[in-house]
Amino acid sequence: MFCVPHITCKMQHQKKMIRCLLFISLLIHSTLGKKSVVAPPSQKWLTLNGKQPLVIARGGFSGLFPESSSFANQMAVSLSLRDTALFCNLQLTKDGIGICLSDIRLDNSTNIALVYPKGQKTYDVNGKEVHGWFALDYTIDQLFNNVSLTQGILSRPSLFDLQSPISTIEDVTGIKPAQFWLNVQYDSFYNQHKHSPASFVEKALRLMGINYVSSPEIGFLKSMNGKVNKAKTKLIFQVLTADEIEPTTNKKYGSLLQDLASIKSFASGILVPKEYIWPVQANKYLGETPTSLVSDAHKQGLEVYASGFANDLLGSYNYSYDPTNEYLQFVDNSEFSVDGVLTDFSPTASEAIGCFANNKNVSKPVKGKALIITKNGASGIYPGCTDLAYQQAVDDGADIIDCSVQMSKDGVAFCSDTADLIGDTTAMTGFISRSVTVPEIQSKAGVFSFDLTWSEIQTLKPQIASVYQDFQRNPAYKNAGKFTTLPEFLELTKAKAVSGVLINIQNAAYLASKKGLDIVGAVNTALSNATFDKQSTQQVLIQSDDTSVLSKFMNVPTYKRVLLIEEKIGDAPKQPMEEIKKFADAVAIARSSIILMNDFFTTAMTNVVAEFQKANISVYVYVLRNEYITLAFDYFSDPIMEIATFVDGVGVDGIITEYPGTASKYIRSPCTNTDKPQYNILPAQAGSLLSLVPPEVQPPAAAPLPPLEASDVVDPPLPPVAKDTAAAIPAPATPTVAPSSAPANVASVCLSVVSIVVLALLFSMGY
């Protein structure tokens, strides 16, 4: 028996899916006016056959939905390159039906332990004792009618758990993917229990299209030789970790790769963990060079597919938390390209291959697109506001590089994120005794720039800030670079001919009244000395949260004034906007004021951007970061998706980011700047992903954000600059080591492309 009907369960599943009818209107909305997708260009790739690398979706879009669920499979088909292959790990039930699940233990990806609490068993699986619930102990009806899929990785959303039954091989091939890849992980185990995966696959090959059959067991692959049509189906040897033992030969997989010619005798390719190709060192940086595996395999006529890709796994620091960088490392280098990538996030692999590969020479700004504005330079790569961070930002294609101006005790204006030096320097080490609390600036104690002379500040080292302790940024360069004075910053921007600068001015009233420091005067003088007030080639943006500061720059018509709104707002009424227009040409607002989020799902988009733009006020959104922990689930753990949503979904005028290279990659991509892209990077539609979740398990609604008030906008006039009455500077304390207290901003916002999948889901269920 090869397959059995599951009418009862399908009816139950259809009832669960009725809510998807709500998405038909979203489908129409999200696809109207979208660019048509074209076939891959005829460019030459360094793959074995010279064709574009294959995207292989492991269990469908398993990075978001439970593996091999109907949602996961259809989303992968709908949101990936059109030749993407769906990857199914074969398990066999008691009655010989093939189902798709990676782990041989069903309790890792289903609720079977709750349904059959006494069903746990222990089996010998290739020499290891494994405890759990196994498919071969249950019939397909027992599983299909009673057991539901769950997300097997705890960091991924659990709200889609228990919404889908286990998928059979027929279910997956029934949605008609462009290509189907069947992996037979446990041939020896099933044969020991009187099941034959080889017989199952042989029958399946006659009834459905299977493009790839892979296995880590050489005996299985050899048994399939002569039983597959090699013109239609490729046999692939799956290589496990180097020290694991291959059951047929009892040799380690690492040693088997030393004889590629032998592998060629029974397989047309190999599927290997990506570390075989680009090893990651103990310090989490890539080795200087890749291994020769891909080149050696290609010489033998073997294709090489790399596995282990997932956006939400902490990879090498070389990738700067941008998952597309990792794919490009394997498909777009001067030495080789793998022939395909096995991934939990097929949309991200698709955008990397379809949009960013072979695109290194595109560097010119794109007219009409959002400005790329840095936050302390490329502060995700190097310590913020250092010469290295600014040079990296220039190299990455930033339009506007920024300097948040701080003042030393002796009146030197320099660039640093905040007046408190603890987060971004080693100030805690040498100046702990100078720590004070300044309520006008912040509630916690700090070591402030205005209490140290410039010579004292120069004894410090910069310190890279990270969003979380487990998400370190480029630790090899944690204290690299040198501090930059404001004149040096302006000189750099002129020498590098960047499109413009943003000067951020903080704490002007406090500095003037309490410290006798004229930060506004210092900025004006520096800009004038650099002749920025006498030219219009490079933009000058003056940003402050204080309207009185902005009013001091109204006499230079070429300067653009930006009001920084730090409060979270849900609306921008007419009265406060009229007040803003008296002082500013643009506003910088938090992303959480634009797209609302609840429990890491986006819920709605406010009208704030539209309201400001209607009043002819430009809108810049801050702060965008690459780390997936800062992104809503709607963005697929992919910072490119968030950028696409704010730039092309919301339509902001600029994005303020710590990773300008990621933003530049998207904005200058041919997929963004042509009417016929190879792949569409679709913006998220706020709330659409959460709408797929049954109302009874959705998180409680969050309280609405308050509107912007006029009282939030207008500030009192700046006080006169007082005479400096500061006491003598105390001697530096004995150095003591303390951890960085750099603040983390985890407010996240996040997708709308979910709607694309709905009609296909409904059709596949017989609607």
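Strand β10 (residues 303-309) runs parallel to β11 and is joined to it by three bridges; strands are DSSP runs (E, at least two residues), helices likewise (H or I, at least four), numbered from the N terminus, and two strands pair if DSSP finds at least two bridges between them. From β10 the chain passes through helix α13 (residues 323-331) to β11 in a right-handed β-α-β crossover, that is, the path from the first strand over the helix to the second runs clockwise with the strands pointing away from the viewer. Strand β1 (residues 54-58) also pairs with β11, in the parallel sense, over four bridges.

| Strand | Its residue | Opposite in β11 |
|---|---|---|
| β10 (residues 303-309) | Tyr305 | Gly340 |
| β1 (residues 54-58) | Ile56 | Leu342 |

In β11 (residues 340-343), Gly340 and Leu342 point one way, Val341 and Thr343 the other, and all are buried (under 20% relative accessible area, 1.4 Å probe, protein chains only).

The model is predicted: local features need pLDDT of at least 70 and side-chain atom pairs pLDDT 80 or more, while totals for chains, interfaces and linings use all residues. Residues are numbered from 1 along each chain as its sequence is written, and side-chain values use heavy atoms, without hydrogens and water.

Key: Buried < 20%, exposed > 50% of the residue type's maximum accessible area, 1.4 Å probe, protein only.
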